[in-house]
Amino acid sequence: MPSNAKVEALEKIKGELGAADFVWIVDYRGLTVKEAENLRGNIRESGAVLKVFKNSLTERALAELDLPSLDAVLEGPSAFIFAAGDPVASAKVLKTFAKANPKLELKGGLLNRSVVTAEQVANIADLPSREELIAKLMGTMKNPATSVVQVLNGPAAKLVRTLQAIADKAA
């Protein structure tokens with residue numbers, strides 16, 4: 001019979017998994033306490049949260065939620081980054097932190113109920129953020145409207161320049 005602590009931990013993991021749109025998994029062995037605190041702070045700033053759970057309990061929670069198994073990823077110490085919304089921000093934080101601290105190893109994760117590899121997480125980190133994509137889309141949508149306005153203003157502007165030239169010549 002499982003202990004109350006394990007049942008509570010399992011429920012906590014299931015809650016985190018249920019609320020998250022994606023989960024990144026990292027191996028944090030070798031990080032100092034200060035480095036781990038910096039990583040947690042950076043992750044928090046990106047809108048995600050870093051938690052450490054037992055691999056066996058996490059695998060059981062995945063099974064109970066009908067999510068794919070992460071047996072291949074859940075070897076050794078694992079830290080889990082949970083978040084909803086934009087997966088790019090937290091992936092960028094992890095990739096940047098891993099470059100500065102080679103002890104941190106990306107292991108993979110879950111995105112849209114599918115298993116992703118460490119390479120795929122790194123590729124996601126290279127994507128533009130949601131805000132950048134929206135700005136590019138708005139710029140693309142604005143260009144045709146700007147061109148139409150310039151074309152429509154052309155005859156009126158030409159008339160004003162012609163009248164000004166006539167006025168200058170008469171003066």
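Angles under 35 degrees count as roughly parallel, over 145 as roughly antiparallel, 65 to 115 as roughly perpendicular, and the rest as oblique. I keep that rule at hand for this predicted model.

**Entry: helix pair.** I looked up how α1 and α3 pack. Helix α1 covers residues 4–19 and helix α3 covers residues 55–64. Their angle is about 60°, and their axes lie 9 Å apart. I therefore log α1 and α3 as oblique to each other. Their crossing is right-handed.

Next I listed the residues that meet. From α1 I have K6, A9, L10, I13, K14 and L17. Facing them from α3 are L57, T58, R60, A61, L62 and E64. Sorted by class, this contact holds seven nonpolar, one polar and four charged residues.

**Entry: sheet.** I traced the strand order. Five strands make an open sheet, and I read the order as β2-β3-β1-β4-β5. The pairing is antiparallel. Neighbouring strands are turned against each other by 25° on average, direction ignored.

Strand β1 (residues 22–27) and strand β4 (residues 105–111) run antiparallel, joined by six bridges. In β4, G109 stands opposite W24.

**Entry: helices on the sheet.** I looked for helices that touch the strands. Helix α2 (residues 33–45) packs on the sheet and touches β2 and β3 (79–83). The direction of α2 makes about 135° with that of β2. Helix α5 (residues 118–125) lies across β1, β4 and β5. I note that α5 runs at about 85° to β5.

Terms used:
Residues numbered from 1 in each chain as written. Predicted model: local features only at pLDDT ≥ 70, side-chain atom pairs only at ≥ 80, totals over all residues. Heavy atoms only, no water. Axes fitted to C-alpha atoms, helices over the stretch in contact; angles between N-to-C directions. Helix = DSSP H or I, 4+ residues; strand = E, 2+ residues; numbered from the N terminus. Left-handed = near helix turned anticlockwise from the far one by under 90°. Contact = heavy atoms within 4.5 Å. Nonpolar A, V, L, I, M, F, W, Y, C, P; charged D, E, K, R; others polar. Pairing = 2+ DSSP bridges.
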